[in-house]
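Please look over the sequence and the model shown here before reading on. The paragraphs that follow lead from a surface patch to the core, the strands and some backbone details.

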Amino acid sequence: MTTDATATQILDAAGARGRQKKLPYAGEVTPAEAHKLFSEFGAKIIDVRSAIEHEYIGRIPGSALVSWKQFPSGEMNAASLPQLQERASPDDVVLFLCRSGVRSHSAATVAAKAGYKHAYNILEGFEGDLNQQQRRGDTGWRKAGLPWIQS
């Protein structure tokens with residue numbers, strides 16, 4: 001993807017990824033594509049990590065927190081869909097983010113079933129998958145050098 005990509009080009013590529021994987025939502029974006037859609041084209045980033053992850057591990061300025069699971073129990077947050085509906089409309093381009101892309105996949109699936117036509121998962125999440133040393137950070141939003149802050 002070139003740095004001068006338009007929103008349509010990015011979303012077309014994301015949709016192609018989604019169709020290839022037979023995803024139940026609009027598609028998948030890379031962290032760099034998500035940043036461009038968010039910063040230049042008004043897409044909404046919905047962070048589905050816990051409040052503790054959001055606060056202490058780091059967060060994207062301007063993103064909205066809608067915790068997908070309760071901490072520390074891991075139970076589903078029954079209020080997640082109503083909270084999403086408060087922060088984004090079904091016509092918005094909504095980019096879901098979690099630690100590695102797993103919870104955000106589930107959130108994008110639920111959002112699509114609830115009528116969100118432009119629900120996308122951010123690949124690699126904020127910190128990426130575990131590496132061979134069982135650590136995160138080799139991939140994801142932070143590793144890409146994109147804007148983030150931490151408490």
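**From the surface to the core**

Ile52 counts as partly exposed, at 41% relative accessibility, where buried means under 20% relative accessible area, exposed over 50% and partly exposed in between, with a 1.4 Å probe and protein chains only. Ile52 belongs to helix α3, residues 51–57; helices (H or I, at least four residues) and strands (E, at least two) are DSSP runs, numbered from the N terminus. Together with Tyr56 and Phe71, Ile52 makes a nonpolar surface patch of about 360 Å². Patches consist of residues with over 30% relative accessible area and no salt bridge, in which like charges are joined within 9 Å and nonpolar side chains (Val, Leu, Ile, Met, Phe, Trp, Tyr) within 5 Å; a salt bridge is a side-chain nitrogen of Lys or Arg within 4 Å of a carboxyl oxygen of Asp or Glu. Accessible areas come from the Shrake-Rupley method with a 1.4 Å probe, and for residues only the protein chains shown count as cover.

This is a predicted model, in which local features need pLDDT of at least 70 and side-chain atom pairs count only at pLDDT 80 or more, whereas totals for chains, interfaces and linings use all residues. Residues are numbered from 1 along each chain as its sequence is written, and side-chain values use heavy atoms, with hydrogens and water left out.

In soluble globular proteins, nonpolar side chains tend to be buried together. Here the largest nonpolar core has 19 residues, of which Val29, Leu37, Ile45, Ile60, Leu95, Ile122 and Trp141 touch the most other members; such a core is a set of buried Ala, Val, Leu, Ile, Met, Phe, Trp, Tyr and Cys residues joined through side-chain atoms within 4.5 Å. At least two residues of this core come from each of α1, α2, β4 and β5, and α1 supplies the largest share, four residues. Apart from this core lies another, of 17 residues, which include Ala64, Leu84, Phe96 and Ala108.

Ile45 is in contact (heavy atoms within 4.5 Å) with Phe38, Ile60, Ser63, Ala64, Leu95, Leu97, Ile122 and Trp141, when residues up to four places away in sequence are not counted. Leu95 is also the bridge partner of Ile45 in β4, and β2 and β4 pair in the parallel sense over four bridges, two strands being paired if DSSP finds at least two bridges between them. β2 also runs parallel to β3, to which two bridges join it, and Asp47 has Leu65 as its bridge partner in β3.

Which residues of helix α2 (residues 31–41) are buried? They are Pro31, Glu33, Ala34, Lys36, Leu37 and Phe38, and they pack against α1 (7–21), β1 (27–29), β2 (44–47), β4 (93–97) and β5 (118–122). Pro31 has a relative accessible area of 5% and, leaving aside neighbours within four places in sequence, is in contact with Ile122, Leu123, Glu124, Gly140, Trp141, Ala144 and Leu146. The C-alpha atoms of Pro31 and Arg142 are separated by 8.9 Å, although these residues are 111 residues apart along the chain.

Some backbone details remain. Gly42, which follows α2, has a positive phi near 80°. Glu124, one of the contacts of Pro31, has a positive phi of about 75° although it is not a glycine, and Glu124 is partly exposed at 36%. The peptide bond from Phe71 to Pro72 is cis, with omega near 5°, and Pro72 lies in the loop between β3 (64–65) and α4 (80–87).
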